[in-house]
Amino acid sequence: CFLAPFAEDAGYLDAWATSSIFTHVVVPVLSIIDHFIDDYDIVYKKSHIYLTLIPPFLYALFASISNWCGVDFGRGEAYPYPFLNYYSDAGFFGFAQGNPPQVGVFYWLIFISLLVLGIAWLYYYFHPRTKLERRNKNNKKNK
C-alpha cells in the first residue's frame, strides 16, 4: 500500500508481479482471516502486543547486517526495500527532497514499529477470545 506506488521510480519493476502480490497482499490477508475464523486456544495479554515487534526487528537487523556485509538483494542493491537504504540521500536520521521526499531509515523503522503495534492492538482488542475474557471479567466485577 505504501511502497508500490513509488516502486517503479525506485527501480522495482516487479512490484505488481504475481509473486509480489501474493507475498505482500494475498498471504497476509488470508492469514488474518484464518486467525479470526479458527478457534485457537490462545489467551491474549496486553504484554503480548509488544512481542509483535520481534520479527520486524530481527528482519531489520538481518537486512542491516547483510547491507553492511555487501550482500546483493537483487538489482545490484545492498538493501531489500527502499526504506532500509542506508545509502540514500536521507541516510539513517536525515530527510531529503525529491519525488517522493525521502526520510531516513530510523523514521521508517519508527513508523513500521508503530504500525505493527497498532495492528497488534487491533488483534488484541477485536479477537473473539479476548472479547470473551473482557466480558467475563466485567461480569465478575459487577456481581
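## What we're looking at

This is a predicted model, where local features need pLDDT of at least 70, side-chain atom pairs count only at pLDDT 80 or more, and totals for chains, interfaces and linings use all residues. Residues are numbered from 1 along each chain as its sequence is written, and side-chain values use heavy atoms, with hydrogens and water left out.

## Overall layout

The chain has five helices and two strands, in the order α-α-α-β-β-α-α from the N terminus. Helices here are DSSP runs of H or I with at least four residues, strands are runs of E with at least two, and both are numbered from the N terminus.

Of the 143 residues, 20% are buried; that label means under 20% relative accessible area, with exposed over 50% and partly exposed in between (1.4 Å probe, protein chains only). Contact means heavy atoms within 4.5 Å. Taking the contacts with a separation of 6 or more, 46% are between residues 24 or more positions apart. The chain exposes about 10,400 Å², with carbon and sulfur atoms supplying 66% of it; areas come from the Shrake-Rupley method with a 1.4 Å probe, and for residues only the protein chains shown count as cover.

## Aromatic pairs

A search of the whole structure turns up 14 aromatic pairs. Rings of Phe, Tyr and Trp (its six-membered ring) pair if their centres lie within 6.5 Å; planes under 30 degrees apart count as stacked, over 60 as edge-to-face and the rest as tilted. Take tyrosine 59 and tyrosine 81: their ring centres are 6.4 Å apart and their planes sit at 55°, so the pair is tilted. This pair links distant parts of the chain, with tyrosine 59 in helix 3 (residues 54-68) and tyrosine 81 in the loop between helix 3 and strand 1 (95-96), 22 residues apart. Tyrosine 59 is partly exposed at 35% relative accessible area, and tyrosine 81 is partly exposed at 26%.

Tryptophan 68 and tyrosine 86 also make a tilted pair, because their ring centres are 5.4 Å apart and their planes are at 40°. Tryptophan 68 is in helix 3 and tyrosine 86 in the loop between helix 3 and strand 1, so the pair ties together parts 18 residues apart in sequence. Tryptophan 68 counts as exposed at 55%, whereas tyrosine 86 is buried at 16%. Elsewhere, ring pairs link Tyr59, Phe62, Phe73, Tyr81, Phe83, Trp108 and Phe111 into a cluster.

## Core and contacts

The largest nonpolar core has five residues: Ala63, Phe83, Leu84, Tyr86 and Val105. Such a core is a set of buried Ala, Val, Leu, Ile, Met, Phe, Trp, Tyr and Cys residues joined through side-chain atoms within 4.5 Å. Not counting residues up to four places away in sequence, leucine 84 touches Tyr59, Ala63, Asn67, Tyr79, Val105 and Leu109.

Isoleucine 49, in the loop between helix 2 (18-37) and helix 3, is buried at 9% relative accessible area. Leaving aside neighbours within four places in sequence, isoleucine 49 contacts Leu117, Ala120, Trp121 and Tyr124.

## Partly exposed residues

Valine 71 sits in the loop between helix 3 and strand 1 and is partly exposed at 36% relative accessibility. Isoleucine 65, in helix 3, is partly exposed too, at 43%.
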